[in-house]
Amino acid sequence: GEREERKALLSQEELLGQERRVFEMELQTLMTRTERVVESQLDLALVKELEEQERARRMAGEAVSKIESAIDRTADAITSVILEEQERARRIGTEEEDKKKTVSALKKVNDDVKHSVSK
């Protein structure tokens, strides 16, 4: 009886050992699958993060373009005003020169008239 009992225990131990190996293999498979799922989730998160960064970069680029465009328009407007003021100053200067020439010519005529009258 003892021998059979020992045999039964050994075969039970063997079965338990086999079950344990099967369990360990299934556990390993499950852990591997879990790692893959986690990695793919991390990959997805990374892709989303990169897409967000790219979108933010694009928006920043658009904002910079709008600012540069506004600066250019402002610079153009300032240049236009400066050119108008320079043109106005030149015209006023020309008118002043013309007035001086006219006054000078009138004085000369006046002097000539006085001179001829005094003769």
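View 1. Glu52 is partly exposed, with 43% relative accessible area. In this predicted model, Glu52 makes a salt bridge to Arg55, and their closest N and O atoms sit 3.6 Å apart. Arg55 is partly exposed too, at 41%.

**View 2. Arg88 meets Glu85.** Here the closest N and O atoms of the salt bridge are 3.4 Å apart. Arg88 counts as partly exposed at 41% relative accessibility, and Glu85 is partly exposed with a value of 41%. Because Arg88 and Glu85 are three residues apart in helix H1, the gap between them is about one turn.

**View 3. Glu2 and Arg6 form a salt bridge.** The closest N and O atoms of this pair lie 3.3 Å apart. Both residues belong to helix H1, which covers residues 2–118, and they are four residues apart, about one turn of the helix. Glu2 is exposed at 58% relative accessibility, and Arg6 is exposed at 55%.

View 4. The protein chain has one helix and zero strands. Its radius of gyration is 51 Å, well over the 14 Å from the globule rule for 119 residues, so the chain is more spread out than a compact globule. The C-alpha atoms fill a box of roughly 175 × 10 × 10 Å along the principal axes. Buried residues come to 0% of the 119. There are 23 positive and 28 negative side chains, with the centres of the two sets 12 Å apart, and the structure holds eight salt bridges.

How values were computed
Residues are numbered from 1 along each chain as its sequence is written. This is a predicted model: local features need pLDDT of at least 70, side-chain atom pairs count only at pLDDT 80 or more; totals for chains, interfaces and linings use all residues. Side-chain values use heavy atoms; hydrogens and water are left out. Helices (H or I, at least four residues) and strands (E, at least two) are DSSP runs, numbered from the N terminus. The radius of gyration is taken over C-alpha atoms; the globule rule is 2.2 Å times the number of residues to the power 0.38. Buried means under 20% relative accessible area, exposed over 50%, partly exposed in between (1.4 Å probe, protein chains only). Lys and Arg count as positive and Asp and Glu as negative; His and the chain ends are not counted. The place of a charge is taken as NZ of Lys, CZ of Arg, CG of Asp or CD of Glu. A salt bridge is a side-chain nitrogen of Lys or Arg within 4 Å of a carboxyl oxygen of Asp or Glu.
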